[in-house]
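Student: I have a protein open here and would like to go through it. Can you help me read it?

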Amino acid sequence: MKEKLLSIKEESKTLIESANTIKEIDDLRVKYLGKKGEITSILKGMKDLSKEERPVMGALANEVREEIEKLIEDKKEEVNKILLDKKLHDERIDVTLKTDNIILGHRHPLKKTLEDLEDLFFHMGFTVYDGPEIETVENNFDLLNAPKDHPSRDMSDTFYFDKNTILRSQTSPVQIRAMKEHGAPIRMVCSGRVFRSDEVDATHSPMFHQLEGLVVDENISLANLIETLNYFVKTFFGEDMKTRFRPHYFPFTEPSLEVDTTCFNCGGKGCPSCAGTGWSMELLGGGMVHPNVLRNCGIDPEKYSGFAFGMGIDRIAMVRYQINDIRMMFDNNKKFLEQF
């Protein structure tokens with residue numbers, strides 16, 4: 001038995017020293033120290049020894065076991081260090097590497113305009129809402145007081161999935177959803193993509209972006225709307241900007257108005273861009289929420305009144321950055337986008 005134990009000791013030492021992987025080392029541990037390992041097999045023969053030999057052989061067996069365990073632990077540590085060094089070498093990062101050739105992207109002018117508009121109205125006390133781009137005809141037209149024969153309902157103007165479902169042609173349905181869910185009072189803005197069957201040209205696209213605002217509370221008047229829009233224009237475009245309000249018609253507001261601003265090119269003096277008028281093209285529209293719209297959303301028009309406004313974010317971006325063709329914002333032209 002002694003010779004077997006000493007033989008196992010020498011054999012295991014040689015094999016453990018030559019092992020190169022953790023798996024090989026674990027296999028050797030099982031081979032010599034496992035429940036069915038060689039040390040265990042030898043110890044099963046202790047019953048055949050005399051009382052004097054048993055403690056001597058037991059001590060030798062424990063000594064061999066402990067030495068094998070130490071060899072295995074030392075070898076594991078050695079192999080793990082080699083593996084770590086290799087990993088550190090293979091995955092090293094040269095922090096001194098020059099990165100002058102890496103070009104970082106930035107926000108698209110349209111996205112920046114949208115975020116800046118939402119941020120402005122948020123700081124004015126408005127809550128930002130979102131809604132689906134696939135809408136019901138009821139939310140997009142019916143509850144907004146649009147007549148059954150209104151041109152915007154035609155298939156030549158709106159994208160229909162079926163007679164009850166469309167791609168929203170405006171973000172106004174988000175206002176409907178908000179009023180139906182939360183009632184009054186409410187102060188909100190909503191923004192996102194809208195879709196209309198327009199021919200693509202310098203100022204039109206079948207897909208564009210809108211931002212709309214809504215305030216409903218007691219004693220809301222047209223003066224509140226005008227002051228809100230004046231504050232928006234001066235804060236967003238500059239204190240020297242002036243506004244002009246013109247009567248208009250929208251089925252969901254009464255009275256309704258359109259808003260012009262001082263020409264961005266000439267500052268109101270008159271130039272070819274504004275046809276000598278000193279005023280820019282129509283920037284946005286709005287008005288007092290029609291009583292029918294409030295009633296359709298479960299709000300009492302005898303107690304509450306409100307105003308709403310809407311603007312094309314694409315048009316705001318074009319004015320803000322002096323872009324003369326809406327298609328430039330969707331062409332993904334690197335030379336164009338790098339200007340902003």
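Student: What share of the contacts between residues at least 6 apart in sequence join residues at least 24 apart?

Tutor: In the protein that share is 67%. Contact means heavy atoms within 4.5 Å. The model is predicted, so local features need pLDDT of at least 70 and side-chain atom pairs count only at pLDDT 80 or more, while totals for chains, interfaces and linings use all residues. Residues are numbered from 1 along each chain as its sequence is written, and side-chain values use heavy atoms, with hydrogens and water left out.

Student: How many helices and strands are there?

Tutor: There are 11 helices and 10 strands. These are DSSP runs numbered from the N terminus: helices are H or I with at least four residues, strands are E with at least two.

Student: What does the C-alpha trace span along its principal axes?

Tutor: About 115 × 50 × 40 Å.

Student: New topic. How much of the protein is buried?

Tutor: Buried residues are 41% of the 340. Buried means under 20% relative accessible area, exposed over 50%, and partly exposed in between, using a 1.4 Å probe and protein chains only.

Student: Which residues of helix α10 are buried?

Tutor: In α10, residues 313-321, they are Ile313, Asp314, Ile316, Ala317, Met318 and Val319.

Student: What follows α10?

Tutor: Glutamine 322, with a positive phi near 55 degrees.
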